[in-house]
Amino acid sequence: MVLLRRELIYIWYYFDIQLRQIFWYWVAGMAIGSLISVFAKDKIHHLFGSMSGKKWGILGVIPASALGILSPLCMYGTIPIAASFAKKGMREDWLGAFMMSSILLNPQLMVYSASLGTAAMMVRLVSCTLCGIGAGVLIAVFFQKKPFFDFQGFEQRQNRDTDPDILLRFLKNLGRNIRATGGWFLLGVLLSALFQRYVPSDSFAELFGSANEGFGVLMAATIGVPLYACGGGTIPLLQAWLMDGMSMGSAAAFMITGPATKITNLGALKICLGIRHFIFYLAFVMLFSFLTGLFVNLIL
């Protein structure tokens, strides 16, 4: 009993430290995410929709990827939006870039990522933008003459931010945000505390550090598949891992494969892609994350 109490005190110690370090990033991320959802979401999607008909060619994947990152919607909100744009004749490579970057990153997650340091935040922003651009380019090159997406059955969701009182509209969105992310965030802090208490930092640095670049990046890309459940929940883990010696390249690989292979995202993507294109998507994500991790380790 004394031993159990001692261990609980240790775990609480690490939990408290981690929570103090990251809590206000989580609060700021939720507030900014809700502000964008309530007041800027429609403008962002209107900007993307206004691209339809413009003769930008393959270069349109660049603004499409950037607008995907600015969009605050989750994947189940992004696909119906993309379906509505597809009906209006939007190019599929632009849709691919928008959807890919939207899966990987949003303004709320960017604020969370600031707790990892400026370098990690910029690596995440640049790599996710390039991943969206790369997805769009591949669709343009290899799927010019046949459709890549099948959006049948996806209808645009009803807007829930309709309260006539602006303050109440924001507070309701913020409440939904807290309910959606709060549990995962606290779970991530708890897992981080357990990790710091029971996993030797030397062995972790040996596995995921810069001294074991290729294998470490590959392992980080692989564990992102089953471990990622919520962006806010993985930030405390990444913070602890980076402190214990994880290379920035391994972290970059995890930050790509994690959201890209999140189980709820995969379910929706499999429906609109079909099995062959879905396999193509998974192969692209794994290869891109691995090469990104190696490149980040090389330059940093």
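Me: In this predicted model, what counts as a pocket, and how much space lies in the second largest pocket?
Reply: A pocket is an open set of grid points with protein on both sides within 12 Å along at least five of seven lines, and its volume is the space filled by probe spheres set on those points. For the second largest pocket of this predicted model, that space comes to about 190 Å³.

Me: Which helices each supply at least two residues of the lining of the second largest pocket?
Reply: The lining includes Met122, Val123, Val126, Ser127 and Leu130, and also Phe288, Thr292, Phe295, Val296 and Ile299. By class, this lining has nine nonpolar, two polar and no charged residues. The helices that each supply at least two of its residues are H7 (118-142) and H13 (263-299).

Me: How many cavities of 30 Å³ or more does the structure hold, and which element gives the largest share of the lining of the largest cavity?
Reply: The structure holds one cavity of 30 Å³ or more, and the largest cavity has a volume of about 140 Å³. Among the 13 residues that line the largest cavity, Met100, Ala135, Ile139, Phe148 and Tyr281 are the closest to its centre, while the elements giving two or more lining residues are helix H5 (92-104), H7 and H13. Five residues, the largest share of the lining, come from H13.

Me: By class, how many residues in the lining of the largest cavity are charged?
Reply: The lining of the largest cavity has twelve nonpolar residues and one polar residue. The number of charged residues in that lining is none.

Me: Which element gives the most to the nonpolar patch on the surface?
Reply: The nonpolar patch is formed by Trp56, Ile58, Leu59, Ile62, Val137, Val141 and Phe142, which together have about 650 Å² of accessible area. One of these residues, Phe142, is found in helix H7. With three residues, the element that gives the most to the patch is H7.

Me: How far apart are the end C-alpha atoms of residues 278-299?
Reply: The unreviewed UniProt entry places the feature "transmembrane region" at several spans, including residues 21-40 and 278-299. Over residues 21-40 the chain is 95% helix and 0% strand, with its end C-alpha atoms 29 Å apart. Residues 278-299 are 100% helix and 0% strand, and the end C-alpha atoms of this span lie apart by 32 Å.

Note on methods
Residues numbered from 1 in each chain as written. Predicted model: local features only at pLDDT ≥ 70, side-chain atom pairs only at ≥ 80, totals over all residues. Heavy atoms only, no water. 1 Å grid on protein atoms, 1.4 Å probe; cavity = no way out; pocket = protein on both sides within 12 Å on 5 of 7 lines; lining within 4 Å. Helix = DSSP H or I, 4+ residues; strand = E, 2+ residues; numbered from the N terminus. Nonpolar A, V, L, I, M, F, W, Y, C, P; charged D, E, K, R; others polar. UniProt positions renumbered as here; feature names shortened; annotations may be inferred. Patch = residues over 30% accessible without salt bridge, like charges linked within 9 Å, V, L, I, M, F, W, Y side chains within 5 Å. Areas by Shrake-Rupley, 256 points an atom, 1.4 Å probe, with all protein chains shown as cover. Salt bridge = Lys/Arg side-chain N within 4 Å of Asp/Glu carboxyl O.
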